[in-house]
Amino acid sequence: MSKLDVTRRSVLKTGSVAGAGLALPTIFTASSAAAYTNEPTGGTVTLGFNVPQTGPYADEGNDELLAQQLAVDHLNGVGDGGCLNTFTSKALKGNGILGKQVEFVTGDTQTKSDAARASAKSMIEKDGAIMINGGSSSGVAIAVQGLCQDAGVIFMAGLTHSNDTTGKDKKANGFRHFFNGYMSGAALAPVLEKEYGSDRRAYHLTADYTWGWTQQESIAAATEAIGWETVNNVLTPLASTDFSSYITPVLNSGADVLVLNHYGGNMVNSLTNAIQFGLLDKLVNGKDFKIVVPLYSELMAAGAGENIKGVFGSMNWNWQLQNAGTAAFVKSFGEKYGKPPSNSAQTCYAQTLLYADACERAGTFNPCGVGEALEDFEFDGLGNGPTWYRGADHQCFKDVLVVKGAENPTNAYDTLEIVEITPRAQVEYDPEHPMFAGGNLGKCNPGA
Amino acid sequence: MDALILQVLNGLDKGSAYALIALGLTLIFGTLGVVNFAHGALFMIGAFCAVTVQRLLSLSFVTVDETQKDFLGKPLKVETPYVEAWFGPEVGAAIIDWSVPLAIIFAIPIMLAVGFIMERGLIKHFYKREHADQILVTFGLAIVLQELVKHYYGANPIPTPAPDAFKGSFDFGALIGFDPNTIIYPYWRLVYFAFSAVIIAGVFSFLRFTTFGMVVRAGMADRETVGLLGINIDRRFTIMFGIAAAVAGLAGVMYTPINSPNYHMGMDFLVLSFVVVVVGGMGSLPGAVLAGFLLGILESFASFSPIKNFFENWLFLPSIDQIIIYLVAIVILLTRPRGLMGRKGVMEE
């Protein structure tokens, strides 16, 4: 006869093991029947669009969402097909992805890392999203990229410009189409040298988080390489609204260029403050004072109004580009929504099509197969010219635009003019470049 | 020296905004005993009154210009403001240019009405409730108001420039013997400072030199006795709520050329304004104004990079610009628990 020996200690032990097992998130304990996380079994496949729908970047996020919905339309054969007609890969036929109708769910990142992770997790766990696309902040992108890596789904980043996204924080399941801080510096510096000369003293105001730090480092390195001196770099809190007390020290610093490493509302306010203090009317060291905004967006330009006139910056893409991919996308987007798309909208649209195309070429939704199809993929026809998705760090390489605020805008959308299309070769760098070092892609994680 | 003078000037305009918001907060707390967390939202609504006036004045009719193309290559739709059609291009453009000062006329009745509706419709039901309940309901109201504004105006900042006549900067340096262009200050910020001074003086004069003000002050000191004298003190306090809302709203209207308004701007000011009220002394109007300017100037100095670097490198306190107000608040409350000019018995058992 066996004796059941139940002690307090054994109950606690068993209970804690069982509790730990039950507490494990379901995304990390996928069913053994599935080959990978959220393997589609019915006639549909679900994509997760994680964008800021509330918070300071909500307009940017809503523009991204419009583009993502347009991409789903085109994938399902609705509308004029947009860039499916110009994309050099002909794998997409307008019949969904691998024959499955595309559906989507949306999440609100609120431009907060914890909220973005929670919404991405919910879309993966509850809605069965097989890919997450979106984001308008590098902090958010890096946080969600880490989550997708652990969950075993692909992350197709939206607007994220920090070097770290495909540098020290790169992940095998994460892919970035957008350009980065290093590329902005490499594209801007020669134009700045041509316009303002090589004997300049630059004062940086920098948003105090990952994107600001890496952009400042990149722009300072690029401008110092052309002979400029970096006089000072002041970190400003992300929550700042009035930058006047950061601007006034610039007046007597001996600097003749102010570099605003700010984005969104920060940039609108700091630029407005700088103009109010008459920086652009000043003559320093015998030269006209200048302002540079390394990363521009159309929505920021609209917010800054006439203050951006003549101010140089860089962009990933602009609706005024003259190529077949741009024309097709602008026509589809413009006819559906009555306005031209922003560059954050374009990157999300391109990423959604690139993901779908990679699934078709790989013949599977398995993240490892999709990742392999994206790595070192060369394509054209999505609006940016010939583009290479480098396998070593999952960073896209393509031409970068140097733009400046339009001097004489003719309509509400004519806020920026393209100064130069910097060729891809000029913005390329080694995967082991010091600004990107320290990270490791690791191995693709299929989840299940 | 020139840099220090500039930081003081900077602090004055920031302090002006804090003082105006804190003044309204203190008025409401002193009269109705309500801790109004929706006061920042009133500042924001004032700013959006300016945006609304700008949009109303810019209402346009559309004509199609066949000679120009839009972004889709179709004939361009050209918008011409009605005011330019009615009054001629120059006068019409000038009217639009002066939309922010004109918005003051629009904002006063709107803000009085918003204050009245807010007080009669919601806040009066919480007079006898705990301060925690008042904070929760007014904070909830602030979120509702800002989400409504975001829904109708979007999340992006909306440029609302000052009239052309106030663009550019005043050269203080040249005036007081420094090199030209070393101490310059934007005209509109000077206007904002002067405007704040006038509003603050107006509120104090109203309370000090009018019978209405005298009754309100008496009611703030002893509500019951004033009521026993047959005076309807509640009605006067409701009017004071409207006036406090109007002060916050006007502060918002005039602030729009300094920073483009967005739906979140009220929240950005709210917490700091409460610190200002506490440092100044709960219920003290002069305390609110004094603390507003004091903390505005301190915040400005803390953002000055040599001072910021000193704190970071020598005192191991990074980002002093973000915490200075709270540090000073702690020190003041430890040494003067009722704040700088607080009255005995306010918020005390």
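Axes are lines fitted to C-alpha atoms, for helices over the stretch in contact, and angles between N-to-C directions run from 0 to 180 degrees. Helices (H or I, at least four residues) and strands (E, at least two) are DSSP runs, numbered from the N terminus.

Residues are numbered from 1 along each chain as its sequence is written, and chains are lettered from A and ligands numbered from 1 in the order in which they are written.

**Confidence**

pLDDT is the predictor's confidence in each residue, from 0 to 100. Chain A has a mean pLDDT of 90, with 92% of its residues at 70 or more. Chain B averages 88, and 98% of its residues score at least 70. Among the elements of chain B, α2(B) has the highest mean pLDDT, 95. The lowest, 80, belongs to helix α7 (residues 172-175) of chain B. In chain A, pLDDT stays under 50 over residues 19-32. The model has 12 contacts beyond four places in sequence for that stretch. Where pLDDT is low, the predicted coordinates should not be read in detail. For the complex, the predictor gives an ipTM of 0.77 and a pTM of 0.83.

**The two chains**

Chain A holds 13 helices and 17 strands. Its C-alpha atoms fill a box of roughly 100 × 60 × 35 Å along the principal axes. Chain B holds 15 helices and 4 strands. The box for the C-alpha atoms of chain B is roughly 75 × 55 × 35 Å, again along the principal axes.

The radius of gyration is taken over C-alpha atoms, and the globule rule is 2.2 Å times the number of residues to the power 0.38. For the 448 residues of chain A, a compact globule would have a radius near 22 Å; chain A has 23 Å, which agrees. For the 349 residues of chain B, the rule gives a value near 20 Å; chain B has 23 Å, which agrees.

**Where the chains meet**

Two residues are in contact if their C-beta atoms, placed from the backbone, lie within 7 Å. By that rule, 35 residues of chain A are in contact with 36 residues of chain B. Elements giving two or more residues to chain A's side include α2 (58-75), α7 (244-251) and α10 (324-337) of chain A. The largest share, 6 residues, comes from α7(A). By class, chain A's side has 15 nonpolar, 15 polar and 5 charged residues. Here Ala, Val, Leu, Ile, Met, Phe, Trp, Tyr, Cys and Pro count as nonpolar, Asp, Glu, Lys and Arg as charged, and the others, Gly among them, as polar.

**Helix pairs**

| Pair | Angle | Axes |
|---|---|---|
| α2(A) and α10(A) | about 110° | 11 Å apart |
| α1(B) and α13(B) | about 145° | 6 Å apart |
| α1(B) and α2(B) | roughly 130° | within 10 Å |

Angles under 35 degrees count as roughly parallel, over 145 as roughly antiparallel, 65 to 115 as roughly perpendicular and the rest as oblique.

Take chain A's pair. At about 110°, α2(A) is roughly perpendicular to α10(A). A:Leu66, A:Ala67 and A:Leu70 in α2(A) meet A:Ser332, A:Phe333, A:Lys336 and A:Tyr337 in α10(A). These contact residues divide into 5 nonpolar, 1 polar and 1 charged.

In chain B, α1 covers residues 2-32 and α2 covers residues 39-57. At roughly 130°, α1(B) is oblique to α2(B). B:Ile21, B:Gly24 and B:Leu25 of α1(B) make the contact with B:His39, B:Gly40 and B:Phe43 of α2(B). The classes are 3 nonpolar, 3 polar and no charged.

Helix α13 of chain B covers residues 285-302. Its contact with α1(B) has 15 nonpolar, 8 polar and 2 charged residues.

Methods: Predicted model: local features only at pLDDT ≥ 70, side-chain atom pairs only at ≥ 80, totals over all residues.
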